Amino acid sequence: MQKIEGKSLAQGAVIGKIRFYSEAEYDIDEGDYDDSEYEIERFERAMDAVKEHKFALAEAAEANSDNEGAMVFVSHVALLEDRGLIRRVEDYISEMKKSAEFGVKVGFNDVADDIRNLPDPYIMRRSDDILELEREVLEELMGASRGISFGKEPYILAAYDLTASEVARIDRRYVLAIVMKEGNLNTHASILAKGLGIPCIIRAETLSPACDGSDAIVDGTNGLVFLKPDDETVRKYDEIMKENRKFADSLMRLKGKMTVTKDGHEVRLYANISNPYDIETVLENDATGIGLFRSDYLFLKDRDYPSEEEQYLSYRKVVEDMNPGSVVIRTVDIGSDKSVPYLQLPEEANPALGMRAIRISLTRKDFFKVQLRALLRASKFGNMRILFPMITSVSELKECKEILRECEEELHSEHQVIGNYLVGVMIETPASVLIADQLAAEADFLSVGTNDLTQFTLAIDRQNPNLDRFYDPHHPAIIEQIRMTIEAGHRHGCLVLICGELAGDLEVTETFMRMGVDGLSVNPQFVLPLRKKIREMDLS
Ligand code: PEP
Ligand code: MG
């Protein structure tokens with residue numbers, strides 16, 4: 001047995017088989033396929049899709065006057081049209097009776113190897129392009145939202161590190177737990193991972209790809225992994241898992257009960273979600289509504305900007321499924337650590353302080369309007385609240401509202417029905433706290449994002465693992481800003497919610513209750529523990 005120590009991200013214990021994911025590897029079915037024609041057709045379709053995508057990227061680059069960028073994408077298309085490359089893949093498929101995936105993997109690698117051995121350094125470099133294209137064609141063949149997949153047997157997902165978009169594409173039906181060799185507590189990837197409701201560990205430094213296929217126990221509560229556990233450890237964890245189930249059952253008895261202190265202070269408990277399919281867990285855990293739907297997921301999961309129809313269907317599903325409960329949908333907060341290649345954002349030295357969230361929306365008004373139109377169209381199916389992220393000035397909020405009005409007018413002229421909705425502002429920078437009165441005068445509700453508020457108040461990069469010990473959301477400057485926001489909101493009749501990770505931190509629940517917060521929005525799994533804590537509280 002080998003014990004690996006890491007840092008707890010999400011609690012709970014499981015036993016299962018580890019599968020080690022490394023970005024570069026694909027679970028390829030070699031196949032023994034008689035139907036070569038069909039496999040070749042799949043190959044051609046995947047190539048066409050990648051070429052189409054490259055053309056779109058070239059056009060976007062051109063529109064941004066990035067001619068050099070456009071040339072790169074055009075040259076990728078030329079590589080994909082290379083007869084030698086195509087023939088090599090087709091030969092593997094038809095002569096060796098292999099799958100399209102196998103043909104691409106081996107054919108592209110063969111060509112990359114040939115090129116690497118040429119004397120011309122410029123041509124040599126093209127071998128990297130070929131390998132990049134190989135990945136893209138494989139992704140296309142295996143489904144754009146293929147994500148991380150090791151088949152349909154439940155497994156423990158191990159990885160060096162996962163990006164937010166990789167976590168967004170995890171199929172939770174098959175993943176029992178996550179263990180990362182790297183990772184950081186406050187990144188979006190970690191927040192999304194916590195939302196999956198499975199044990200998670202980060203910084204398991206001695207984890208290695210060699211553990212792939214081993215039986216293991218993951219103890220998310222204590223940040224431990226036991227590889228090839230001995231019988232005694234298995235027996236111990238069987239007991240722990242039994243106790244965990246008992247505790248979870250006892251929490252279930254709080255379903256349908258009010259979230260009120262012994263002396264009668266009530267608060268609403270909402271859930272944070274990042275995926276329309278999270279609703280099931282939200283209902284299971286009896287949240288009053290959704291306090292934060294990070295719509296970013298829709299923008300991270302595919303290779304292109306989601307269409308109005310796709311967004312509309314997702315928003316509609318969430319508001320409809322939660323009705324009459326309210327649903328706060330935050331407009332997209334991409335940029336920073338949530339990179340979306342199709343937006344072609346320039347590299348930045350300080351991305352957390354860069355072109356992100358509302359700044360992208362206000363700069364790319366055409367994209368923003370697609371999202372707002374989808375939200376407005378979905379509003380008639382339930383209780384919709386639209387939330388704008390990273391607002392730092394009243395003029396930004398006014399501009400958002402103006403664009404919202406424009407979209408309303410467009411939809412009215414198309415005879416589309418719009419329901420009632422509220423408009424809210426994320427309070428996640430010291431600037432927004434200091435002008436919370438003015439923002440509250442313009443908004444229907446405020447929602448405090450403690451993750452970014454901590455980052456920007458303490459001037460600490462929430463992504464930097466070396467700064468964890470300085471990243472202190474309990475810092476008096478944060479607590480005081482939350483109090484200021486609640487008071488400012490209430491002066492203007494605004495509801496004030498807290499939706500950052502601190503909202504689920506039981507150590508500060510009483511403080512927030514004494515401040516008179518109206519709602520706490522947390523990972524669905526934290527709703528019932530929070531209700532338990534509040535029902536045991538007496539503020540008198
Ligand atoms: C926050 O900053 O607290 C927040 C809820 O937003 P995100 O974590 O998505 O940046
Ligand atoms: Mg934030």
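## A tour from domain to side chain

Begin by colouring domain 1 and domain 3, whose C-alpha centres lie 27 Å apart. This is a predicted model, in which local features need pLDDT of at least 70 and side-chain atom pairs count only at pLDDT 80 or more, while totals for chains, interfaces and linings use all residues. Residues are numbered from 1 along each chain as its sequence is written, and side-chain values use heavy atoms, with hydrogens and water left out.

To make the selections, take 2-24 + 148-230 for domain 1, 36-142 for domain 2 and 262-535 for domain 3; these bounds come from an automatic or database domain assignment.

**Where domain 1 touches domain 3**

Now select the residues in contact (heavy atoms within 4.5 Å), and you will find 19 residues of domain 1 against 19 residues of domain 3. The size of an interface is often given as the accessible area lost when the parts come together. Here the buried area (accessible area, with a 1.4 Å probe, that two parts lose on being put together, summed over both) is about 1,700 Å², and carbon and sulfur atoms give 47% of that area. Next, highlight Asn186, His188 and Ile191, the residues of domain 1 that lose the most area to domain 3, together 34% of what that side buries.

Which residue forms a salt bridge with Asp468? Show the side chain of Arg203, which does so with its closest N and O atoms 2.8 Å apart; a salt bridge here is a side-chain nitrogen of Lys or Arg within 4 Å of a carboxyl oxygen of Asp or Glu. Between domain 1 and domain 3 the count is 2 salt bridges.

**Two helices that cross**

Move on to domain 2, residues 36-142, and select helix α1 (residues 36-63) and helix α4 (residues 100-116), whose axes come within 9 Å and cross at roughly 60 degrees. Helices are DSSP runs (H or I, at least four residues), numbered from the N terminus, and their axes are lines fitted to C-alpha atoms over the stretch in contact, with angles running from 0 to 180 degrees between N-to-C directions. Display Glu39, Arg42, Phe43 and Met47 in α1, and you will see them meet Ala100, Glu101, Val104 and Phe108 in α4.

**A lysine in helix α14**

Finally, centre the view on Lys401, which lies in helix α14 (residues 394-413). Leaving aside neighbours within four places in sequence, Lys401 is in contact with Val423 and Glu442. If you also show the backbone of Glu442, you will find its oxygen 2.6 Å from a polar atom of the side chain of Lys401.

Note on methods
Chains are lettered from A and ligands numbered from 1 in the order in which they are written. A polar contact is a pair of N or O atoms within 3.5 Å; within protein, one must be able to donate a hydrogen and the other to accept it, and residues adjacent in sequence count only if both atoms are side-chain atoms.
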